[in-house]
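Here are my notes on this model, written as numbered points. Keep the structure open beside you and find each residue as it comes up.

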Amino acid sequence: MNTRSSRPAVISGQALNQPRSLATFRTMKLLVSAYVALSVLTIVAAYVLRRDPGLVNDAVWVRGGIVALTSVLMLAFVVGTARGRRRAYLRLRIASGVMVAAIAVLISIPGFLPPWMRVEQGVCGVLLAGVVVIANGRHLRSLFATG
């Protein structure tokens with residue numbers, strides 16, 4: 001039994017090109033682009049500081065790599081959302097919320113990350129919290145709910 005939704009998988013260009021929608025997408029792209037840039041800079045910083053085990057431990061490399069990869073994935077979700085793809089919007093909402101929660105847990109574990117990376121992760125969390133607020137806001141929810 002096939003129970004596919006009658007809603008189209010992509011939102012119409014007219015709805016996507018409203019000034020409020022364009023501003024919303026632009027803001028999310030800016031936040032996530034900053035998240036990507038910060039994630040890449042973190043890997044560079046870890047490489048530069050690699051000789052100091054107090055500043056760069058295994059957790060820094062693992063967490064830094066995971067964050068860099070997921071930041072690029074998050075950018076793909078934002079771009080897909082801005083193009084009106086419903087599934088990208090759903091993935092953006094879920095992934096951004098999960099990432100903010102994961103960051104909050106990881107930076108609260110004593111001694112897990114060096115202080116400099118805890119600060120970096122906190123900034124990443126703030127950037128993603130902005131995405132969570134926007135993606136779950138009334139405008140985007142209504143835009144993707146009505147098609």
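1. Is Cys124 buried or exposed? With a relative accessible area of 0%, Cys124 is buried. Here buried means under 20% relative accessible area, exposed means over 50%, and partly exposed is in between (1.4 Å probe, protein chains only). We'll come back to Cys124 below.

2. A quick word on what you're looking at. This is a predicted model, in which local features need pLDDT of at least 70 and side-chain atom pairs count only at pLDDT 80 or more, while totals for chains, interfaces and linings use all residues. Residues are numbered from 1 along each chain as its sequence is written, and side-chain values use heavy atoms, with hydrogens and water left out.

3. Now the overall layout. The protein has six helices and zero strands, so its elements read α-α-α-α-α-α from the N terminus on. Helices (H or I, at least four residues) and strands (E, at least two) are DSSP runs, numbered from the N terminus. Of the 147 residues, 37% count as buried. Look also at the contacts with a separation of 6 or more: 75% of them come from residues 24 or more positions apart. Contact means heavy atoms within 4.5 Å.

4. What span should its 21 residues have at 1.5 Å a residue? The answer is 30 Å, and the end C-alpha atoms of α5 are 30 Å apart, which agrees. The expected span is 1.5 Å times one less than the number of residues. Buried residues in α5 are Met117, Glu120, Gln121, Cys124, Gly125, Leu127, Leu128, Val131 and Ala135. If you wonder about the spacing in a list like that, an α-helix has 3.6 residues a turn, so residues three or four places apart point the same way.

5. Back to Cys124, which lies in helix α5. Leaving aside neighbours within four places in sequence, Cys124 is in contact with Tyr35, Leu38, Ser39 and Ile103. Cys124 and Val100 are 24 residues apart in sequence, with 8.3 Å between their C-alpha atoms.

6. Next, how α5 packs against helix α4. Helix α4 (residues 86–108) and helix α5 (residues 115–135) pack at about 150°, with axes 9 Å apart. Axes are lines fitted to C-alpha atoms, for helices over the stretch in contact, and angles run from 0 to 180 degrees between N-to-C directions. α4 and α5 are therefore roughly antiparallel; angles over 145 degrees get that label, those under 35 are roughly parallel, 65 to 115 roughly perpendicular, and the rest oblique. Among the α4 residues that meet α5 are Tyr89, Leu92, Val100 and Ile103. The residues of this contact divide into 12 nonpolar, six polar and two charged. Nonpolar covers Ala, Val, Leu, Ile, Met, Phe, Trp, Tyr, Cys and Pro, charged covers Asp, Glu, Lys and Arg, and the others, Gly among them, are polar.

7. Helix α4 itself has 23 residues and reaches 34 Å from its first C-alpha to its last, close to the 33 Å expected at 1.5 Å a residue. Its buried residues include Tyr89, Leu92, Met99 and Ile103. Ala104 is also in α4, and at 43% relative accessibility Ala104 counts as partly exposed. The C-alpha atoms of Ala104 and Gln121 are separated by 8.5 Å, although the two residues are 17 apart along the chain.

8. Helix α2 (residues 19–48) is another partner: the axes of α2 and α5 come within 9 Å and cross at roughly 165°. α2 and α5 are therefore roughly antiparallel too. Tyr35, Leu38 and Ser39 are among the α2 residues that meet α5, and Cys124 is one of those on the α5 side. By class, this contact has 17 nonpolar, five polar and one charged residues.

9. How does helix α3 sit against α5? The axes of α3 (residues 58–82) and α5 come within 12 Å and cross at roughly 20°. That makes α3 roughly parallel to α5. Val60, Arg63, Gly64, Val67 and Met74 in α3 meet Trp116, Met117, Gln121 and Leu128 in α5.

10. Last one: Ser21 lies in helix α2 and counts as buried at 0% relative accessibility. Ser21 and His139 are 118 residues apart in sequence, yet their C-alpha atoms are 7.8 Å apart in space.
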